[in-house]
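Here is a short briefing for a first look.

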Amino acid sequence: METNVAGNALYEELLDQLGTIGPVRRELGRIVPAGCSAGCATVLSLLGRHGTVSIGRLTELLGINVSVTSRYVAQLATLGWVDRSLDPADRRSRIVRLTPKGRTRYAEMSDRRSRELAARLSDWSEADVRRLAGLLSRLRADFDGPHTGPPRGARRTTSDRTK
């Protein structure tokens, strides 16, 4: 897709708006169970949504270094919210799952975050909330899949445009 000056302004506005999402995420990220860091709360959320996962997969989902993932998992294990066991598919790896106590903490945190979001969006219609959720899901999917355009950072040539 080629953009012109007006199109560039549209995408610049979108970039500006995406940049404003950080404070929203940080505010909701402050809603964590007592004794739990924001990083551990993120792990708790991922395990709540994805179920049992390997440390490697959890690291991919978090987009951080495996040593940091392991530290978060160890903290959650100390709290009794997760347990770790050997991965039967790869005995060198560990799998992580929520304990019953961890599922309770995840449910409480998820409920508090949902209530806060609902309170902040109380003047939005249900249709607007659904539309935003759908559009954000679509945006994420477009960035999760393979990039089919020219290589990132590459300039399109005149011959590229005529293909």
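Cys 40 is buried, at 2% relative accessible area (buried means under 20%, exposed over 50%, partly exposed in between, with a 1.4 Å probe and protein chains only). This is a predicted model: local features need pLDDT of at least 70, side-chain atom pairs count only at pLDDT 80 or more, and totals for chains, interfaces and linings use all residues. Residues are numbered from 1 along each chain as its sequence is written, and side-chain values use heavy atoms, leaving out hydrogens and water.

**Cysteines**
- Cys 36 is buried too, at 9% relative accessibility.
- The whole structure has zero disulfides (pairs of cysteine sulfur atoms within 2.5 Å).
- The closest cysteine sulfur to that of Cys 40 belongs to Cys 36, but it lies 5.1 Å away, so the two are too far apart for a bond.

**Ser 93**
- Ser 93 sits in strand β3, residues 90–98 (strands are DSSP runs of E, at least two residues; helices are runs of H or I, at least four; both are numbered from the N terminus).
- Ser 93 is buried, at 16% relative accessibility.
- Leaving aside residues up to four places away in sequence, Ser 93 touches Ser 54, Ser 85, Leu 86 and Asp 87 (contact means heavy atoms within 4.5 Å).

**Helices α3 and α6**
- In α3, Ala 41, Leu 44, Ser 45, Gly 48 and Arg 49 meet Gly 102, Arg 105, Tyr 106, Met 109 and Arg 113 of α6.
- The residues of this contact are four nonpolar, three polar and three charged (Ala, Val, Leu, Ile, Met, Phe, Trp, Tyr, Cys and Pro count as nonpolar, Asp, Glu, Lys and Arg as charged, the others, Gly among them, as polar).
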